[in-house]
Amino acid sequence: MASKSANLWVLLGLGLAGILLITKRLKKAIKEDFGAFIGKLQLLPPPQPAPPKAPHPLTGLTFAVSDVFEIEGHVTGFGHPDWARTHDAASRTSPIVSALVEGGATCIGKTVTSELSMSISGENKHYGTPTNPASHARVPGGSSSGAAVAVAANLVDFSLGIDTVGDVRIPASFCGILGFRPSHGSVSQVGIIPIATSLDTVGLFAKDPNVLRRVGHVLLQLHGHVLLQLPYVVQRNPRQIIIADDCFQLLNIPVDRITQAVTKSTENLFGRQVLKHENLGSYLSSKVPKLKELIGNKTNGNLNSSSIRVLAYVIQTLERIEFIGNHGEWIESVKPDLDPAIMEQLNEKLEISNRMIENFKSVRNEIRMAINSLLKDDGVLVIPTTADPPPKLGGKDFFSEEYQTRLFSSLSIASISARHGADRFLLDTVQTMYKTLQEEAEAASKTKFSKNAVSQEQSAEIAKEKGNQAYKEKQWEKAIGCYTEAIKLNSRNATYYSNRAAAYLELGRFQQAEADCSKAIDLDKKNVKSFLRRGTAREMLGFYKEAIEDFSHALVLEPTNKRASISAERLRKLFSS
């Protein structure tokens, strides 16, 4: 989403990465393929169908796959020579790979993955660490490091990796490209080495949002071994874009410029009424009863610990348990030469009961339901993927507990809770927003904010949130005072006027409510709530014709708004009689 940001945003599993502006270069020579490939091959698509049939949807595109995908006649190496040595060549090709080739794309090779896909740095001592094209002195991120580098270096149009706890999203962020994690279970896992089955998802890398969308739609059509023609769905705009404020507080880079790019892009495309803010940790704590129990157990009763940070512990534990269940016997038998950090992770004793493991699984299921409830059908959640810039090659940053907690705190949300059935909607939204996000990010990177200006904006938001809380508690006068304070600090925000109008309506002060709504509409012509509230105020003041116009305009902006429809129809009947 941001072309010059050290961070990327995940939209329920979608990473839009920002390239780090780092000018240092490694003194060693960079391989022609940036060390991305472990082996080259060629899987060619079938001939084009004869007219009038449409050409294959992925015609002309090239791709590569991480070395966890089976390709007939080739050994799947899993990032380790001992694995390759002890396994035979695949007798089949993964249905996902076959579907992409049948769709018109050409597969040109397999790419490096971390050892046993267990390192998030992307480093691999056996095959070499792929060079990050965005910053040669920094790690590419893993485990799907080679797949990300192949796209970032323009060696292929797109690539596939496996995302368990961020194995696609992290390298997408670090290498400055797009990374997409579909909903768990929405894409076939057949013919892929499992890491943690309940968390694994095929992930997709691309530079071009149009390519991401085209390939993503093909992947989502595969059911078993058959490509289904999914019903045509009219592309729809998001009705709410929710910024998880507490997740952005985890970042080790300036937050304001990142959130500003999202905010302005959303306002320009969809209007301010779509944008919302949420403390995700507090929301999940209130909606997921078992999470409160885990917070207490993990922190010895200190409930100040963030529920998001506890999720990091949950997901890392589940991943390790399932990985050992899948591959522990092979590791014990073969005793492969593993990186010390991976060995330490696998050998660490987990003092955890079966009951607690079941609680973890319950938390995962409850969080999925809570996120579904928050987003409904047309919502997008904006969270950061990585909290820090990519560490330097050979650095120790990755191994600190604080670094990993920050990293996995944000990664855990999509890994556990990716919303089912919204993948095509998400891909469409990315395509719609991408250009504007780039423009806004570029503008934000050049803007010099005075501390006073930033402070005033932040103070205004704090005053607004206090007003919202007072409104929920039905303290109307207090709410009006808070919104008035917010307006004094930032008089160009339509939401502050609209919210104050809502409080005025509760007190029967309809003229003030009408005036505030008119001001809000002047600032934001797509503010649906302001049209609804002004319509209500005008109806109470006896201006029925003008009220009908307001409700009708709200319906134009939001055709499914039942309140606007019912109010307009009621007034038309009253006006005609």
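Biologist: Which residues is Ser114 in contact with, leaving aside its neighbours within four places in sequence?
Modeller: The model is a predicted one. Ser114 lies in the loop between strand S5 (106-111) and helix H3 (145-152). Once neighbours within four places in sequence are set aside, the contacts of Ser114 are Phe78, Gly79, Ser119, Gly122, Glu123, Asn124, Gly142 and Ser143.

Biologist: Is Ser114 buried or exposed?
Modeller: A residue counts as buried under 20% relative accessible area. The relative accessibility of Ser114 is 0%, so Ser114 is buried.

Biologist: How many residues of strand S13 (residues 379-384) are buried?
Modeller: In a regular strand, side chains alternate between the two faces of the sheet. In S13, Gly379, Leu381 and Ile383 point one way, while Val380, Val382 and Pro384 point the other way, and all are buried. The count for S13 is therefore 6 of 6, where buried means under 20% relative accessible area.

Biologist: Which residue stands opposite Val382 in S13?
Modeller: Strand S11 (residues 240-244) runs parallel to S13, and 4 bridges join the two. Opposite Val382 stands Ile243.

Biologist: How is helix H8 oriented relative to helix H10?
Modeller: The axes of H8 (residues 280-287) and H10 (residues 307-334) come within 8 Å and cross at roughly 70°. Angles of 65 to 115 degrees count as roughly perpendicular. H8 is therefore, relative to H10, roughly perpendicular.

Biologist: How do the residues of the contact of H8 with H10 divide into nonpolar, polar and charged?
Modeller: H8 contributes Leu280, Gly281, Leu284 and Ser285, and H10 contributes Ser307, Ile308 and Leu311. Gly counts as polar in this classification. The division is 4 nonpolar, 3 polar and no charged.

Biologist: Is Lys335 buried or exposed?
Modeller: Lys335 belongs to the loop between H10 and helix H11 (340-347). Its phi is positive, about 50°, although Lys335 is not a glycine. The cut-off for exposed is over 50% relative accessible area. At 59% relative accessibility, Lys335 is therefore exposed.

Biologist: What is the phi of Lys474?
Modeller: Lys474 is placed in the loop between helix H15 (451-472) and helix H16 (476-489). Its relative accessibility is 61%, so Lys474 counts as exposed. Lys474 is a residue other than glycine with a positive phi, near 65°.

Biologist: How far apart are the C-alpha atoms of Arg368 and Ile416?
Modeller: Arg368 is part of helix H12 (residues 354-375), and it counts as buried because its relative accessibility is 17%. Along the chain, Arg368 and Ile416 are 48 residues apart, yet the separation of their C-alpha atoms is 6.9 Å.

Biologist: What is the distance in space between Lys435 and Pro209?
Modeller: Lys435 sits in helix H14 (residues 423-446) and counts as exposed, because its relative accessibility is 59%. Lys435 and Pro209 are 226 residues apart in sequence, and their distance in space, C-alpha to C-alpha, is 9.2 Å.

Biologist: For the chain as a whole, what percentage of the residues is buried?
Modeller: The chain has 21 helices and 13 strands. Its accessible surface comes to about 25300 Å², with 50% belonging to carbon and sulfur atoms. Of the 577 residues, the buried ones make up 56%.

Notes
Residues numbered from 1 in each chain as written. Predicted model: local features only at pLDDT ≥ 70, side-chain atom pairs only at ≥ 80, totals over all residues. Heavy atoms only, no water. Buried < 20%, exposed > 50% of the residue type's maximum accessible area, 1.4 Å probe, protein only. Areas by Shrake-Rupley, 256 points an atom, 1.4 Å probe, with all protein chains shown as cover. Pairing = 2+ DSSP bridges. Axes fitted to C-alpha atoms, helices over the stretch in contact; angles between N-to-C directions. Parallel < 35°, antiparallel > 145°, perpendicular 65-115°, else oblique. Contact = heavy atoms within 4.5 Å.
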